[in-house]
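Please read the notes below with the model open beside you.

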Amino acid sequence: SEEAPEETAVQETGSDCLFRFTDAAGEVTELKLCRTEDENIYLAFINGTNTHMTVRRRSLTGNTGVLNFYEKLTDAIAAE
């Protein structure tokens, strides 16, 4: 079984969003979400390879989106 990532970084780059995961062995995996012509849909690329999967913008930026929970998590860790 795969080990959980030890380090995760999230970065928004213009209209894209980049998630970088580093596992216990130091291997880095990048998930890049690139906005399509429809500004509410992103294509997912893992380590530069198109997965042909799509993600809706609200899954990232909504109240229950990934970025909201990531911010809450980093705030909670910083408060400890």
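1. How many of the seven residues of strand β2 (residues 16–22) are buried? Five are, so β2 is largely enclosed by the rest of the structure. Buried means under 20% relative accessible area, exposed means over 50%, and partly exposed lies in between (1.4 Å probe, protein chains only). Strands are DSSP runs of E with at least two residues, numbered from the N terminus.

2. This is a predicted model, in which local features need pLDDT of at least 70, side-chain atom pairs count only at pLDDT 80 or more, and totals for chains, interfaces and linings use all residues. Residues are numbered from 1 along each chain as its sequence is written, and side-chain values use heavy atoms, with hydrogens and water left out.

3. The pLDDT is the predictor's confidence in each residue, from 0 to 100. Its mean over the chain is 80, and 81% of the residues reach 70 or more. Confidence is lowest in strand β1 (residues 7–13), with a mean of 51, and highest in strand β5 (residues 49–56), at 92. Where pLDDT is low, the predicted coordinates should not be read in detail.

4. Strands β2 and β3 (residues 28–35) run antiparallel and are joined by six bridges; two strands pair if DSSP finds at least two bridges between them. T22 has V28 of β3 as its bridge partner. Five residues lie between the strands of this hairpin, and G26 takes a positive phi near 90°.

5. C17 counts as buried because its relative accessibility is 2%. C34 is also buried, at 17%. The whole structure has zero disulfides, a disulfide being a pair of cysteine sulfur atoms within 2.5 Å.

Terms used
Helices (H or I, at least four residues) and strands (E, at least two) are DSSP runs, numbered from the N terminus.
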